[in-house]
Amino acid sequence: MSDLPGIVVMGASGRMGQMLINEVLANDKARLVGALERPGHDWVGRDVGECMGGQPVGVTVTDDALTTMAKAQAVIDFTAPAATVDMAEIAAQARAVHVIGTTGLTDEDLEKIALAGRHATIVRAGNMSLGVNLLVQLTKQVAAALDEDFDIEIIESHHHHKVDAPSGTALMLGEAAADGRGVELAEVSDRGRDGITGARKRGDIGFHAVRGGDIVGEHDVMFAAPGERIVLRHLATDRAIFARGAVKAALWGQDKKPGEYSMLDVLGL
Ligand SMILES: NC(=O)C1=CN([C@@H]2O[C@H](COP(=O)(O)OP(=O)(O)OC[C@H]3O[C@@H](n4cnc5c(N)ncnc54)[C@H](O)[C@@H]3O)[C@@H](O)[C@H]2O)C=CC1
Ligand SMILES: O=C(O)C1=N[C@H](C(=O)O)C[C@H](O)C1
C-alpha cells in the first residue's frame, strides 16, 4: 500500500466536493481514501467516480465518518457549519488534519472548532485561493497606510445558491482592514444598509452582498475619500483555485503540531 497521505473529501457531491475529488485524484502526492456525504444522500453506497459521471475510482461514497476517518491522514471539508463542527471532533480523535473551507460558522461553532484544535491540526480559511490571501495582506497594508478619511466598503458577489452572507472571504478582508487600522471589526462593522440609516459613521467598515446566477466569487475592497477612491479586487472564475489551496493545506499540515492555522501560514504570506 502507498504511504502517500490518505485524504477524505467530505460533501463529495457538492460544488466544491466534486472539485476536491478531482484535485486529490490528480495529485501525485496524495491518495483519495474516502468520500463522505450526508445520510440519505443518493450517492451513498456508489463509487464516487461513477457518481461524477466518469470511470470508477475504487472509492465508495459513505455516510460513516468515524470508520472512514480511521484510515485517513486528512479530511477536506467544504460542507455546512453543523457538519464541520461534528467533523472537528472526529478528525481530532483520528489525529487527522482537518482542512475547513466551510463558511457561515457562528462564534459558538468557532469555539468548538478551537477546542478540537487542542488535539488536531486544523487549517481554516474562508477562502483558500492564493489570490485572495494576497488580497488579505494588501488590504491590511492599505488600511494601515490610510486614515479614516478613507471609508472602507467591502462588496462581494456570489451565485444564487450561496446561503451565508457576508461571505467568509468578505469577513477575512474586513478583519484584515480592521487589523490594519488597529480596531476590532465587531466595533466598526456595518452590514447591508437599508432604510433611513443616517449618514455613514466615520471609521465604519461596510459589507454588501450581491447574489445572482453562477458567479463563482468576486470581492472588492473600496477605500473611498473625498476626491479619490482605491479599489482592490479579486475575481474567481474557477472553483479549482479553492480546491488546489485546500489540497495544499492538507499536505502542508501533515507534519504540523496541533493548533489552528490559516492559509496565510500554508502559503507563507
Ligand atoms: N474556503 C473556500 O475557499 C471556499 C469555501 N466555500 C464554502 O464551502 C461550503 C460548501 O460550498 P458548496 O460546495 O458551494 O456547497 P454545496 O451545497 O454544493 O455542497 C455542500 C455539500 O456538503 C454536503 N453535506 C452537508 N452535510 C454533510 C454531512 N453531515 N456529511 C457529509 N456531507 C455533508 C451536502 O450534501 C453537499 O453535497 C460553503 O460554506 C461555502 O461558502 C466554497 C468555496 C470556496
Ligand atoms: O460559497 C461559495 O461559493 C464561496 N464561498 C467562500 C466565501 O464565503 O467567501 C469562498 C468563495 O468566495 C466561494
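1. Let me start at ligand 1, where a backbone N or O atom of Gly-14 lies 3.3 Å from one of the ligand's oxygen atoms. That pair counts as a polar contact, meaning N or O atoms within 3.5 Å (within protein, one must be able to donate a hydrogen and the other to accept it, and residues adjacent in sequence count only if both atoms are side-chain atoms). Protein covers 80% of the 870 Å² of accessible area that ligand 1 has on its own, by the Shrake-Rupley method with a 1.4 Å probe.

2. A word on the basis: this is a predicted model, in which local features need pLDDT of at least 70 and side-chain atom pairs count only at pLDDT 80 or more, while totals for chains, interfaces and linings use all residues. Residues are numbered from 1 along each chain as its sequence is written, chains are lettered from A and ligands numbered from 1 in the order in which they are written, and side-chain values use heavy atoms, with hydrogens and water left out.

3. Back at ligand 1, a polar side-chain atom of Thr-103 lies 2.6 Å from an oxygen atom of the ligand. The backbone of Asn-127 places an N or O atom 3.5 Å from a ligand nitrogen. Of the 20 residues around ligand 1, Arg-15, Met-16, Glu-37, Thr-103 and Met-128 come nearest; "around" here requires a heavy atom within 4 Å.

4. Which residues surround ligand 2? They are Thr-103, Gly-126, Asn-127, His-158, His-159, Lys-162, Ser-167, Gly-168, Thr-169, Val-216, His-219 and Phe-242. By class, this shell has 2 nonpolar, 9 polar and 1 charged residues, with Ala, Val, Leu, Ile, Met, Phe, Trp, Tyr, Cys and Pro taken as nonpolar, Asp, Glu, Lys and Arg as charged, and the others, Gly among them, as polar.

5. Please look at the oxygen atoms of ligand 2. A polar side-chain atom of Thr-169 lies 2.4 Å from one ligand oxygen, and a side-chain N or O atom of His-159 is 2.8 Å from a ligand oxygen. For Gly-126, a backbone N or O atom lies 3.5 Å from an oxygen atom of ligand 2. The protein covers 85% of the 320 Å² of accessible area that this ligand has on its own.

6. Finally, the domains. An automatic or database assignment gives domain 1 (6-128 + 239-267) and domain 2 (130-236). Their C-alpha centres lie 28 Å apart, and 13 residues of domain 1 are in contact with 15 residues of domain 2, contact being heavy atoms within 4.5 Å. Each domain gives at least three residues to the shell around ligand 2.
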